[in-house]
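Here is a short tour of a protein model for you to follow alongside the coordinates. Please keep the sequence at hand as you read.

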Amino acid sequence: MRRDDVLIGGSWRPVSSTTDVVNPADGSVVGTTALATRHDVDAAVAAAGSALPAWSELAPGERAAHLDRLVEVLESDAERLVDLTVAEVGAPITTARRWHVHAALDVLRSAADHARLLADERRGSAVLLRRATGVAALVTPWNYPLFQLATKLGPALAAGCTAVHKPSELTPLSAYAVAEAALVAGLPAGVLNLVPGTGADVGAPLVAHPGVDVVSFTGSTEVGRQVAGAAVTNLARVSLELGGKSSSIVTDDVDLEHAVRATVESCMLNSGQTCSALTRLLVPADRLDDAVRIAGAHADAMVVGDPTDPGTELGPLVSAAQLERVDELVAAAVARGAHVATRRTETPAVGHYRRPVVLSGLAPDDPASCEEIFGPVLVVHGTRDDDDAVTLANATRYGLSGAVWCDDDDRAFAIAARLQTGQVLVNDAEFSVESPFGGWKHSGFGRELGPEALHEFTELTTVQR
Ligand code: NAD
């Protein structure tokens, strides 16, 4: 893909600067895309503002029909989206197909369904009108570029907002594909505007723009803090989906092998670059040695390599910088006395590859156990009992996800209900695009998915009668 333009008000406008998009598996250039400027941001916000009255006044069902058409166009091009995702993220093709592309289409379908259900609410004699907040700034990261755009764009458009999207500079290809699809699908001009570029040149001016009414950001906790500050200056609404360090709690009664293997797989999904990954495994102390052995063996058996091969389970990390960061964090943990339960270290000669690693023997408050690493690294701890497991799980600054493995439903539910986190998966329960997703504490605030996602893009007007 060769693009030197931004989408503003329904037209592609050339810009003077571009950047190369590099395939993390082999270093090849897989695309060239525009680097927008703050002037493009001004124009994009103005275009979204101009499109807002007509779009927000459409009946919710009409907006849903537009989203349906967008899904149809994207679906007809789904395999190209898979290829773009593999090329720009390095995601293994099976992960790209299921969790990047088809999950994103499910999110957009779900947003259309929830648009159809939008209705005024009666409360006594009052009527509560739920109305579009206005122009939405959508800022997305590189780890699931298409999925994260869908979780913002779907509900924003469903709610009647118009949008300006700033994708990660590392992964703008799928954003172009969505913008192209929006034109083919006949989305009115200015409803979706695309301004790719860096965080400093495009992201920062966008989230601080006085013409933006709501900011939806997914990314690191550090940048999220700056984004929230900028949005608050304008009293724009803001929702933040940030980092995580999620615990998988295994109780004394459950099939250890199954629980540990499933935790390893969650941790390593998307080559360990998943915000909700289960990266801390908490097992009863008398099962610790077995758990470490099972986790190490399972991680060692995982297939690391060419992301275009359907048999591959982990591709490369997204960039040299990300690989270096992960390597340094693992080396520092080992220097502090971590025991490495995985034996294999060999990787393909070219590309930002790293084999998965399982660490144990660390203090629960060790940085490797409490801070997000965002790579294929699992940390295992022993616990005294359920209370201790809950205390350990809650003892990080994050609160995005978690899991409980337990044969007793009531006990599992009781543990889940004490976790300070936005989502808990019990046993083999699957993530659902119908359920609200978001963080506690430094994992952010606000919710994506389900009807709650639309609420992030609406204001209430109470009409007292
Ligand atoms: P990042 O915070 O570096 O960047 C995210 C986006 O913000 C990018 O588009 C970037 O260009 C932009 N940006 C950078 N500086 C900005 C600024 N000052 N103002 C506005 N925008 C700016 O994150 P990343 O490295 O792209 O993504 C990885 C992080 O995202 C991880 O911490 C991960 O946990 C988190 N994440 C969270 C979720 C979630 O739902 N909670 C989902 C995926 C990723």
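A salt bridge here is a side-chain nitrogen of Lys or Arg within 4 Å of a carboxyl oxygen of Asp or Glu. The pair links distant parts of the chain, 296 residues apart: Glu-448 sits in the loop between strand S19 (444-445) and helix H15 (450-455), and Lys-152 belongs to helix H5 (residues 145-159). Helices (H or I, at least four residues) and strands (E, at least two) are DSSP runs, numbered from the N terminus. Across the whole structure, the search finds 26 salt bridges.

A word on the source: this is a predicted model, in which local features need pLDDT of at least 70 and side-chain atom pairs count only at pLDDT 80 or more, while totals for chains, interfaces and linings use all residues. Residues are numbered from 1 along each chain as its sequence is written, and side-chain values use heavy atoms, with hydrogens and water left out.

**Two domains**

The domain assignment, whose bounds come from an automatic or database source, gives domain 1 (5-242 + 443-464) and domain 2 (246-433). Their centres, taken over C-alpha atoms, are 30 Å apart. Where they meet, 33 residues of domain 1 are in contact (heavy atoms within 4.5 Å) with 32 residues of domain 2.

Two salt bridges are found across this interface, and there are also 10 residue pairs in polar contact, both residues at pLDDT 80 or more. A polar contact is a pair of N or O atoms within 3.5 Å; within protein, one must be able to donate a hydrogen and the other to accept it, and residues adjacent in sequence count only if both atoms are side-chain atoms. On the side of domain 1 that touches domain 2, the elements giving two or more residues are helix H3 (78-89), helix H4 (93-117) and helix H8 (221-233). H4 provides the largest share, 10 residues.

**Around the ligand**

| Residue | Atom of the residue | Distance |
|---|---|---|
| Thr-140 | backbone N or O | 2.8 Å |
| Glu-169 | side-chain N or O | 2.7 Å |
| Gly-199 | polar backbone atom | 3.4 Å |
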